[in-house]
Amino acid sequence: MALSEMNGDGSEQEEGGCQEPDVIARGNILESFAESQEVRALINSLQGVYGDLGTREVTIEKFIVIMDKYQEQPHLLDSHLEWMMHLLLDIVQDNRSPSSLVHLAFKFFYIITKVRGYKIFLRLFPHEVADLQPVLDMIAVQNPKDYETWETRYMLLLWLSMTCLIPFDLARLDGNILSEEGCTRMPIMDRILNVAKSYLVVSDKARDAAAVLVSRFIIRPDVKQKRMADFLDWALSTLSNSSFQTMEGTVVMDGMLQALAQLFKHGKRDDCLPYASTVLECLDNCKLSESNQTLLRKLGVKLVQRLGLTFLKPKVAKWRYQRGCRSLAANLQFSAQVPVVQNLVIAAADEEEYDIPGEVENVIEQLLIGLKDKDTIVRWSAAKGIGRITGRLPKELADDVVGSLLDCFSFQETDNSWHGGCLALAELGRRGLLLPSRITDVVPVILKALTYDEKRGACSVGSNVRDAACYVCWAFARAYDPLELKPFVNQISSALVIAAVFDRDINCRRAASAAFQENVGRQGTFPHGIDIVTAADYFAVGNRVNCFLNISMYIASFPEYTQSMIDHLVNMKINHWDGVIRELSTKALHNLAPQIPEYMTNVVLPRLLPLAVGTDLHTRHGAILACAEITHALYKLAAENNRSVTNYFNEKSLEGLKQIHLEYWYDCILSKLLQVNIFRNDLIAFFSPAVCTLIEKLSLSKMPFREDPIIDGWQWLINDSLRSLPLVSSTARQQIKEAAVSALAALCNEYYINEQREASPALQGELLQQYISELQNTEEMIRCGFSLALGALPRFLLKGKLQQVLEGLKKVICISHKDVSFAESRRDGLKATAKVCQTVGVKRNGPQDEFVCKDNVVQIYTMLLSGMSDYTTDSRGDVGAWVREAAMTSLMEVTLLLVQNDPELLDANICKQIMCCVAQQSAEKIDRFRAHAGSVFLSLLNFDNPPIPHIPHREELERIFPRSEAVTLNWNAPSQAFPRITQLLGLPAYQYYVLLGLTVSVGGLTETTVRYSAQSLFDYMKKIQNDLGAMNNFCETLLQVFEDNLLNDRVSVPLLKMLDQMLANGCFDIFTAEENHPFSLKLLTLCKEEIKKSKDIQKLRSSIAVSIHCYFSRFCGMIQFQGDMRKKVLFQLFLLLCHPFPVIRKTTASQVYEMLITYSDIVDPDILDEVMTVLSDTDWDAELPLVREKRNYLCDLMKVPKPQLVSKQPGSERK
């Protein structure tokens, strides 16, 4: 059994600490059964709701929800069980209760039983003599095949198992067994037995209750004399004749095994012993170990152990180990005082000698086999059986069992065997059956189990073994006196600390933490126990990163643990199959290196260098990273002590560090020559980030390699990594880019700068020329890599070349026809531009080749602002959002840079463009990018060191976005963001851009975004309804947005949808009373332009619910406008009645029909019925000539000009 399960939370959680408060909140915090009145009301309402299916299901669900809250604290129900029982029994025992109501009551009985357990709840059932016959009668009328009422049968069988315990001979209850008709009635004993037999073979949960009934009924004195032998014959015969190969056989065998196991558990030994050998022989013949049914194998093991206990006399082993004093205070003072050993082992001199039946050996063998089963529940049952049976064996035989258990820990055995062995050892230790003389053999095995991790395929197995090993340590802490474990304290404490902070799995770390805590409390001998328990408690070890990087540092400050922790990382973790663990382990080595630098230099590093050029990929990868991290840690230590880094490295170590790169370089060259592309791609993805990290750390450590040829090799490797980006997966690309760029920056800063703090002109020119030329590579990923590389170059390499670099990045950022899909390269180009600006600095009148100055600031902002209009889409979706996000970040960084150095470089026009573009993004539909835009907007608005000048409407913005709410405002939530952002519609400078952003949100697809953005827009429109000037300004801006984005589906389709909602909500009612209002005329013209000549069938069909429907409803909505507008709208609608696509004709007819119902005044009442009839009865799917005839008839009726057919464009019409 996993120790973590004993702690009440065995579920794996997210490694971050964000879940910890939630874990705490879900703990055992209930104090009483608070819902007792509600439950009473629910039970009392059963008679009123049982007839209504819907109400009945709601009532049941409410009851289940309430009761499930007490699954972890069922004892809180104990004082309320009796009144719940009586309320439900009143229904059950009332002869007037309909069967459906009785079944409902028993369903409630079962829900209570499921939470509290039948053993507790069952005691409250009435079990007088008078109750036996009614319960039997109720069972007799049940239908075993009714799958909806199984709860009734289950509870009745449990109730019968209580009533059959009455202390009277059942024969007395039979009375005159002759019925009135003269027929012989079946005795009650036989009736109960037949009921039990019939339900032992059913496929529902009633089978479990039948097994309980058998175990209580057969052991009655009167029944066991008359029926026990017959029942066992029947059960064994049924078991032998069934097969676990079929579903029916599995069900039958399950029932028989449950009944036999319960019977041998509750029956007296003297009664069961005569049959035990026969049952064991039958069980052997069933060969349950070959079954693939876990439950059958578990029941088989359970029955075997019960048979073994039957063969052995029930007694407490006198040879067992018993711990003496268990005072917690005494344990904690153990280190200061030596206690007297008290009563540790009871002498076995007077042990009674008796023969052990030969069957016991068979039982123990089967249990040892069960320890190796593939399922945990079987292994756990076998482990408990081993513990129980060993407690009844003589000392010598018990020691043989321990010896057999230790054989489970061979490395030829599977992880299942190791896990089962750990569980069994814990059981023996917990019961005092593992004598101190065996601890010497057991502890080394447990230490190996604490680090057991066997690779299997792409992952590993062994977490259950490590968890169970922690359980063993937990059990030993409770079982043994501190003096017995004192020789092993350092080994066990170090192993548990290592498991608690360095294990990959959260359940193992928590199990180790709990075991360590138990040892600290029970043993009191673990070094620095209280301090470590405080730092590495149950919740602290839930965060893996925190364990590796923070807790480990604290524990390693105690010298007893330092070396063992480092050795474990080097031997077990840097070669781990999980790359995340390898990286965390190397970072942990970086943190631990200052604790014992001489050991790292003289022992660890020489051990790692050969591994870094070895053949095992995982080991090599981890060793490279470990060498890098340790080297950097030793450099920082040397710098703190004003020493040279070479004090920690001899010539052999320096050559070994160089050899790592050369070995990788040889592999790359060889794979190129042999054209083994798959190998080379895997090699790059696996090792390139690691070797680049090594280059970075060695450069940061100022290793004495200046003017060494190795520097050229490092430069080649960085360039090759960037050129190889298209060859690897998207996940590996990001890692390689980051590692290579970081390595390049460190390399240049350390090895390319001379004493004058400048670069060699030849080197500078060659490097920049090479990198700028790669910006026009046909591979997008190569552009990405070299863009970021330019952004990482130090200032002395950019000096005099800034304009050249900006021109190169400009070509990457600008969208051209051939590279329109290169969104990622544009994103990285924008990031690089901001980094370059930050690197070179600001100087107002400085040369434009060296500084951000008045001559190039406009060019830089033009480049960055161009990214704000990137809406490129491909199969991945809106990839332009990556560019816009990078543009916003870059604009903010460059703006803050200028403001802090020379605010006068920022003119009003640039500030307005920045704020308006960011405001537009903060009104758009994608939550993540809207949140980023909002964050940038508020950062710019609230920056005051010094404040950014020329921000339009600053005072109004600060009123809308108070500084006090800047942190709490959740831009991700549409309900919080849109009510604020729509207020910017009232600010002239922002109106156009915010409305453009709102358009795609209001007309979008995401329900919450549409709901809150639309509601916020409508609220704003209501606010300005009576302000004619504000309405005119808004409508002009709206029409301008429409006109600027004609035929741009990204904006026009959601804009039409937004217009539909606005018309439906009466946002333009102020204009409807005025004939031929310019807004309505212009809106109609734009709508006509938008849908004119639309022939793309795929577009029309896929967007029928959005685009085409919006077109029609727009015209129908505009029918509310007075004057010539109505005739123009009708003409446009009748034009669409003869569209080439039938789906459009049908939709148009439907929309016109609904329009005429809404605005009946636009048609003469005398012809309204006829017009409606034509619209509804015409088959608009018919051929165009027939449809055109009906359409023209409608035109004549409503006095609308007929559209004329244009011969040059067959199938299309225009006026």
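Are Phe-106 and Phe-109 buried or exposed? Both Phe-106 and Phe-109 are buried. Keep in mind that this is a predicted model.

Let me stay with the rings. Searching the whole structure gives 29 aromatic pairs. In one of them, Phe-106 and Phe-109 have ring centres 5.7 Å apart and planes at 45°, so this pair is tilted. The cut-offs matter here: planes under 30 degrees apart would count as stacked and over 60 as edge-to-face, so 45° falls in the tilted class. Phe-106 and Phe-109 are both in helix H7, residues 99–116, and because they are three residues apart there, about one helical turn separates them. They also belong to an aromatic cluster, which is made up of Phe-106, Phe-109, Phe-121, Phe-125 and Trp-159.

Now a second pair. How are the rings of Phe-409 and Trp-418 arranged? Their centres are 5.4 Å apart and their planes are at 85°, so Phe-409 and Trp-418 form an edge-to-face pair. Phe-409 is buried, and Trp-418 is buried as well.

Next, arginines over rings. Arg-510 lies over the face of Tyr-538, and the distance from the ring centre is 4.4 Å. For Arg-620, the charged end sits over the ring of Phe-687, 4.6 Å from the centre of that ring.

Another arginine to look at is Arg-783, in helix H39, residues 780–792. Why does Arg-783 count as buried? Its relative accessibility is 2%, and the cut-off for buried is under 20%, so Arg-783 qualifies. What does Arg-783 touch, leaving aside residues up to four places away in sequence? The contacts are Glu-774, Leu-775, Gln-776 and Asn-777, together with Asp-819, Phe-822 and Ser-825.

Last, the helix pair. Two packed helices are described by the angle between their axes and the distance between the axes. For helix H14, residues 228–240, and helix H15, residues 247–266, the angle is about 145° and the axes are 9 Å apart. H14 and H15 cross in a left-handed sense. On the H14 side, the contact is made by residues including Met-228, Phe-231, Trp-234 and Leu-239. On the H15 side, Val-252, Met-256, Leu-260 and Leu-263 are among them. How many residues of this contact between H14 and H15 are nonpolar, polar and charged? The division is 14 nonpolar, one polar and no charged.

That is the end of my part.

Definitions and conventions. Residues are numbered from 1 along each chain as its sequence is written. This is a predicted model: local features need pLDDT of at least 70, side-chain atom pairs count only at pLDDT 80 or more; totals for chains, interfaces and linings use all residues. Side-chain values use heavy atoms; hydrogens and water are left out. Rings of Phe, Tyr and Trp (its six-membered ring) pair if their centres lie within 6.5 Å; planes under 30 degrees apart count as stacked, over 60 as edge-to-face and the rest as tilted. Helices (H or I, at least four residues) and strands (E, at least two) are DSSP runs, numbered from the N terminus. Buried means under 20% relative accessible area, exposed over 50%, partly exposed in between (1.4 Å probe, protein chains only). A charge sits over a ring if NZ of Lys or CZ of Arg is within 6 Å of the ring centre and within 35 degrees of the ring normal. Contact means heavy atoms within 4.5 Å. Axes are lines fitted to C-alpha atoms, for helices over the stretch in contact, and angles run from 0 to 180 degrees between N-to-C directions. A crossing is left-handed if the near helix is turned anticlockwise from the far one by less than a right angle, and right-handed if clockwise. Ala, Val, Leu, Ile, Met, Phe, Trp, Tyr, Cys and Pro count as nonpolar, Asp, Glu, Lys and Arg as charged, and the others, Gly among them, as polar.
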